[in-house]
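Colleague: I have not looked at this one before. Can you walk me through it?
Modeller: Here it is.

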Amino acid sequence: MILEKYRRMLPPYWYENQVADYHFEAAESEMVEQIAKIEQLRNQFFPMTATYSLDVWDWIYFGTKQFTPDEQRRQAIMEKYWASVSFTPPVLRTLGLDASTLKVVTMEEVFATKRIRYTFKQEDTVDVTKLVKSFEKIRPVHAVGIDLSFTGSETIQLVDTVTMATKRYRKVREMRVGLPPMMRGSEIAL
C-alpha cells in the first residue's frame, strides 16, 4: 500500500500498482535520510545550530579558529554579531529574548530618560550580565542605559546583612617604626 503522502501526488491508477508500492517502500528510508541531510546542511547557515561549520563562523568573526567548547564558541559568535548590528527596536527586543529563559519580554523605549526598559516575568531567569554586555556593545551615545523590571503577583523580599567595621586612628605626633596607624575597632551588623 502506497503511503498517503505519496498518493496525493500520484494519479489514481497508480494506487494499486504493485511495482510502485515496492518502489516507494524501498525509497522511503533513502528519502528520510536525504531530508535529514538537507536539514543538517540548513542548520550550518546559522551559528546557534551550526556544528561542523563553526570553524567557518569563527573565521568570519574572529579570523582564526577558537579552541573552546562549541557552546562557548556559539556564544562568542553571537556576541560579535550583536556588536555589529544597528540599534533598532527589533534588535533590542531580540537582546532581551536572548537573555531570558521563558522568552517573554516587553521592551519599551523611555524617551524622557533616554533609557530602554525591559520587563520580564517574575518566574523568569534572566542572564543580566549577558544582556548588559550585549547592550553596551551596540549602545549609541544618545542612549543612557537600560532598566530592568519584573512583573508578577508575588512579593519579593530582599534580605541582606551589611557589616561595617569601625576603626580608630592613633593620635601620635610622629610615626614610629612598627606602630600600626590604626587601632582595632569593632564590627557592627546592621
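Modeller: One term to begin with: a contact means heavy atoms within 4.5 Å. Residues 24 or more positions apart account for 41% of the contacts in the protein with a separation of 6 or more.

Colleague: Where do the coordinates and numbering come from?
Modeller: This is a predicted model, in which local features need pLDDT of at least 70 and side-chain atom pairs count only at pLDDT 80 or more, while totals for chains, interfaces and linings use all residues. Residues are numbered from 1 along each chain as its sequence is written, and side-chain values use heavy atoms, with hydrogens and water left out.

Colleague: How many helices and strands are there?
Modeller: The protein has 6 helices and 7 strands, taken as DSSP runs numbered from the N terminus (helices are H or I, at least four residues; strands are E, at least two). Along the sequence the pattern is α-α-α-α-α-β-β-α-β-β-β-β-β.

Colleague: What share of the residues is buried?
Modeller: Of the 190 residues in the protein, 25% are buried. Buried means under 20% relative accessible area, exposed means over 50%, and partly exposed is in between (1.4 Å probe, protein chains only).

Colleague: And the surface, how much of that belongs to carbon and sulfur atoms?
Modeller: Carbon and sulfur atoms hold 59% of an accessible surface of about 14,400 Å². Those areas come from the Shrake-Rupley method with a 1.4 Å probe, and for residues only the protein chains shown count as cover.

Colleague: Changing topic, how many salt bridges does a search of the whole structure find?
Modeller: The search finds 14, a salt bridge being a side-chain nitrogen of Lys or Arg within 4 Å of a carboxyl oxygen of Asp or Glu.

Colleague: Which residue does Lys5 meet in a salt bridge?
Modeller: Lys5 meets Glu28, at 3.4 Å from N to O. The pair links distant parts of the chain, 23 residues apart: Lys5 is in helix α1 (residues 4-7) and Glu28 in helix α2 (residues 18-43).

Colleague: Is Glu28 buried or exposed?
Modeller: Glu28 counts as buried because its relative accessibility is 19%. Lys5, at 40%, counts as partly exposed.

Colleague: What about Arg74, which side chain does it meet?
Modeller: Arg74 forms a salt bridge with Glu71 (3.5 Å, N to O). Both lie in helix α4 (residues 70-84), 3 residues apart, about one turn of the helix. Arg74 is buried, with a relative accessible area of 10%.

Colleague: Which residues are linked in a network of salt bridges?
Modeller: Asp55, Asp58, Lys65, Asp70 and Arg73 are.
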